[in-house]
Amino acid sequence: MITAVTALLLFIALRRKEFDFELSRPDYSKNWYLPLLSILIFIPIYLYAPPSGSHVSLDSQSMVHIILDASLPAVVFEEMLFRAMLWRFLKDLGCTNLLTFFVQAFLFWISHYQMLVVGHVFSFWIATPCISMILGYIVLRSKSVALSTISHYLYNCLIGFSGIG
């Protein structure tokens, strides 16, 4: 419900031109490797994460479910909120790239507090801060949220397949 209300408010704000951010076209010839960072950060997380106790069956039906349940709408929403709108807002306030990078990463990390509630302590304290900085670096480097959205979705799929949670 909160997501729906927030999405509606963002839609209204965008229609009224209260958020004026530019989505540049990423230069894929220079930045093609950036989504691979989400895989590289996943490897040590997978190796060192404590087992969650949930077994993931990888039959074709569960694979499709994991891919669809990697929350594409949530990924798009988070990338637009944290790495498009918030990034542009902070830049318009005169914040440096470094400050903007750390503020968006911190707010993205804190917004995932529910991981603590459900007992995913490792994911909250280690995995989420790492991926939030990787996604911020992708936006900083590519000047676009397109590659960070692809990376975020890919990371969520890997987490789903691994059962880390």
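Predicted model: local features only at pLDDT ≥ 70, side-chain atom pairs only at ≥ 80, totals over all residues.
I started with Asp 92 and Arg 88, which both sit in helix α5, four residues apart, about one turn of the helix.

Next I checked how their side chains meet, and found a salt bridge, 3.2 Å from N to O. Is Asp 92 buried or exposed? Asp 92 is exposed, because its relative accessible area is 55% and the cut-off for exposed is over 50%. Arg 88 comes out at 26%, so I put it down as partly exposed.

How many salt bridges does the structure hold? I get two. The other entry is Glu 79 with Arg 83, where the closest N and O atoms are 2.9 Å apart. That pair also lies in α5, again four residues apart, about one turn of the helix. A reminder to myself: an α-helix has 3.6 residues a turn, so residues three or four places apart point the same way. Both Glu 79 and Arg 83 are buried.

Then I looked at α5 as a whole. The helix covers residues 72–92, and its 21 residues should span 30 Å at 1.5 Å a residue. I found its end C-alpha atoms 28 Å apart, which agrees.

Where does α5 bend? I located the bend at Leu 86, about 30 degrees. Leu 86 is also one of the buried residues of the helix, and others on that list include Val 75, Phe 82, Met 85, Trp 87 and Leu 90.

Last entry: I went past the end of the helix. α5 is followed by Gly 94, and its phi is positive, near 95 degrees.

Key. Residues numbered from 1 in each chain as written. Heavy atoms only, no water. Helix = DSSP H or I, 4+ residues; strand = E, 2+ residues; numbered from the N terminus. Expected span 1.5 Å × (residues − 1). Bend = angle between axes of the 7 residues up to and from the residue. Buried < 20%, exposed > 50% of the residue type's maximum accessible area, 1.4 Å probe, protein only. Salt bridge = Lys/Arg side-chain N within 4 Å of Asp/Glu carboxyl O.
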